Amino acid sequence: LLALWGTGLLDTPSEERFDRIVRLAASVFGMPIAYVALVDAGRQWFKSQVGLTGPRETPREVSFCGHAILQDDALIVPDAT
């Protein structure tokens with residue numbers, strides 16, 4: 001968390017350099033949704049996103065990222081609906 005807070009990225013406006021990464025990831029993997037999420041102590045916050053509408057953050061306890069960082073292996077979600 002100290003490293004994350006040290007970046008100064010949380011709660012900042014979108015930036016083209018992150019938007020490019022997100023668009024590239026969506027294109028390369030053929031996905032309708034891609035994002036760069038930062039997970040702090042209580043939330044998942046989206047620095048950049050494509051294909052998502054709505055809030056720019058979610059509570060950590062309901063986020064895929066919040067669960068994934070607590071595992072040793074990859075978190076696979078076959079159907080996120």
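Select strand 1 (34–39) and strand 2 (residues 43–50): these two pair in the antiparallel sense over six bridges. Strands here are DSSP runs (E, at least two residues), and helices are runs of H or I with at least four, both numbered from the N terminus; two strands pair if DSSP finds at least two bridges between them. The model is predicted, with local features requiring pLDDT of at least 70 and side-chain atom pairs pLDDT 80 or more, while totals for chains, interfaces and linings use all residues. Residues are numbered from 1 along each chain as its sequence is written, and side-chain values use heavy atoms, leaving out hydrogens and water.

Next, select Leu-38, whose bridge partner in strand 2 is Trp-45. Three residues lie between strand 1 and strand 2, which form a hairpin.

View the whole sheet: the three strands form an open, antiparallel sheet in the order 1-2-3.

Then select helix 2 (16–29). Helix 2 packs on the sheet and touches strand 1 and strand 2, contact meaning heavy atoms within 4.5 Å.

Finally, select Met-31, in the loop between helix 2 and strand 1. Met-31 is partly exposed, with a relative accessible area of 48%; partly exposed lies between buried (under 20%) and exposed (over 50%), using a 1.4 Å probe and protein chains only.

Conventions. Axes fitted to C-alpha atoms, helices over the stretch in contact; angles between N-to-C directions.
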